[in-house]
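Here are my notes for a first reading. Please keep the sequence and the model open side by side.

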Amino acid sequence: MEIDRVDGRTANQLRPLACSRNILNRAHGSASWSQGDTKVLAAVYGPKVGTKKNENPEKACIEVIWKPKTGQIGKPEKEYEMIVKRTLQSICVLTINPNTTTSVIVQLLPCAINAACAALVDAGIPLKHLAVAICCCLADSRYVLLDPTKLEEQKTKAFVYLVFPNLTLSVISEGSLKVEGEPVEQAIITSVTQGAMSVDDYLHCLERGRAASAKMSAFLRRSLPPQIPSDSSKAG
């Protein structure tokens, strides 16, 4: 059965992708990421000397600050900060700049993770690899919708945010390209679900998400070629 979507896409079709880097003058790195009408701006400041409280000074610290469009930060935003932080910690090389803090300012999942990765590249932060994030929704008919709009997300019974490893960078050797013991191309970095779905439905979302990540990875390879780290004087 085929699902009719307001914007005319098929269930497996991504919205148009767009990515721009180096768009903020006073940030060490910055990027905008768009999927259809959803647009996120991410800014990176650092590394700056010193780590946050309760962080290991022998490693670099990643700080994520969630900026809602309106109002104050609440419990959901704090949860988003932790999700993005853990995701970025898993792809950053934390041993190269110990006892430093890099601040990442973002909003909106999963586009926030895509924008944050692009901004980290723009800032020249050492990465093991990039990551691509995608959302899959489960409709009432148990049909999986890829990359839903906000309205579609609100109408579905459950959805899952999935983050997969992507573009391998030269900071690590090919022989060490594994995430938690898995080959990078088969691994999953982050998974966040909301609502009730069966194991089979989740595995179906995982399959759809992984297939979509290949297309997003190809887009990232075109948008984020390796570059010389940003000039630290950029942030003033």
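1. A definition comes before the strands: two strands pair if DSSP finds at least two bridges between them. Keep in mind too that this is a predicted model.

2. Start with strand β3, residues 38–49. It runs antiparallel to β5, and 5 bridges join the two.

3. Turn to strand β4, residues 61–66. β4 pairs with β5 in the parallel sense, over 6 bridges. Here Cys 61 has Thr 101 in β5 as its bridge partner.

4. Helix α1 covers residues 75–91, and together with β4 and β5 it makes a β-α-β unit. Please check its hand in the viewer: the unit is left-handed.

5. Is strand β5 largely enclosed or open? Of its 7 residues, 100–106, 6 are buried, so the rest of the structure largely encloses this strand.

6. Last, the cysteines. How many disulfides does a search of the whole structure find? The count is 0. Cys 135 is in no disulfide: its nearest cysteine sulfur belongs to Cys 137, 4.5 Å away. The cut-off for a disulfide is a pair of cysteine sulfur atoms within 2.5 Å. Cys 135 is also buried, at 3% relative accessible area.

7. Cys 136 is in no disulfide either. The nearest cysteine sulfur to it is that of Cys 205, at 5.0 Å. Is Cys 136 buried or exposed? Its relative accessibility is 0%, so Cys 136 counts as buried.

Definitions and conventions: Residues numbered from 1 in each chain as written. Predicted model: local features only at pLDDT ≥ 70, side-chain atom pairs only at ≥ 80, totals over all residues. Heavy atoms only, no water. Buried < 20%, exposed > 50% of the residue type's maximum accessible area, 1.4 Å probe, protein only. Helix = DSSP H or I, 4+ residues; strand = E, 2+ residues; numbered from the N terminus. Right-handed = clockwise from strand over helix to strand, strands pointing away.
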